[in-house]
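Student: Can you walk me through this one? I'd like to start with what the terms mean.

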Amino acid sequence: MAGEDGAAPEAAQPPADSGPAGGGYDAKCVFCRIGRREEPGTALLPCESEGLVCFRDIRPGAPHHYLVVPIEHMGNCKTLKKEHIPLVEKMMEAGKNILQRNNFTDLNDIRMGFHWPPFCSISHLHLHVLAPASHLGFLSRMIYRTNSYWFITAEQLIERLQTENTAS
């Protein structure tokens with residue numbers, strides 16, 4: 001619950017690092033506030049990965065639609081570099097774990113990925129975990145479509161990070 005962890009008030013928090021990958025805490029960022037348990041309306045789900053939080057998407061696109069978010073403020077997926085690949089993999093693992101904890105076991109029928117800027121409603125890195133992918137409605141199939149201008153799967157992002165950094 002908000003305030004029970006002894007955290008200082010929002011106004012006293014330092015601003016987030018404005019570097020390319022972000023860092024720290026941003027009092028204006030809803031995902032930073034959720035990660036610090038300052039948003040009492042958002043129930044956190046058990047997430048066994050240190051440094052990450054998991055919760056249900058407020059506009060679910062599938063029967064299971066969760067977000068996996070780093071507690072530390074980070075920019076969107078376009079700001080990531082090769083050294084962030086382990087973080088993306090950790091987020092994917094947390095997403096699979098949260099599905100299994102919620103009795104969804106067909107990991108071949110899931111979609112995990114990120115909105116590609118400028119199509120991000122919140123500029124704090126967050127992984128969408130949707131299942132079953134075969135039950136996405138028409139609008140959700142468009143919003144979370146693979147190989148589109150506005151959504152990139154976690155696997156595609158990792159491949160892109162490996163390729164971009166190898167070429168430079």
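Tutor: Buried means under 20% relative accessible area, exposed means over 50%, and partly exposed is in between (1.4 Å probe, protein chains only). This is a predicted model: local features need pLDDT of at least 70, side-chain atom pairs count only at pLDDT 80 or more, and totals for chains, interfaces and linings use all residues. Residues are numbered from 1 along each chain as its sequence is written, and side-chain values use heavy atoms, with hydrogens and water left out.

Student: OK. Is Phe-119 buried, exposed or partly exposed?

Tutor: Phe-119 is partly exposed, at 44% relative accessibility. Trp-150 is partly exposed too, at 23%.

Student: Switching to rings. How many aromatic pairs are there?

Tutor: The count is three. Rings of Phe, Tyr and Trp (its six-membered ring) pair if their centres lie within 6.5 Å; planes under 30 degrees apart are stacked, over 60 edge-to-face, the rest tilted. One of the pairs is Phe-119 with Trp-150: centres 6.1 Å apart, planes at 70°, so edge-to-face.

Student: Which parts does that pair tie together?

Tutor: Phe-119 lies in the loop between β4 (111–115) and β5 (127–131), and Trp-150 in the loop between α3 and β6 (151–153), so the pair ties together parts 31 residues apart in sequence. Helices (H or I, at least four residues) and strands (E, at least two) are DSSP runs, numbered from the N terminus.

Student: And what about Tyr-144 and Phe-151?

Tutor: Their ring centres are 5.5 Å apart and the planes at 90°, so that pair is edge-to-face. Tyr-144 is buried at 6%, and Phe-151 is buried at 1%.
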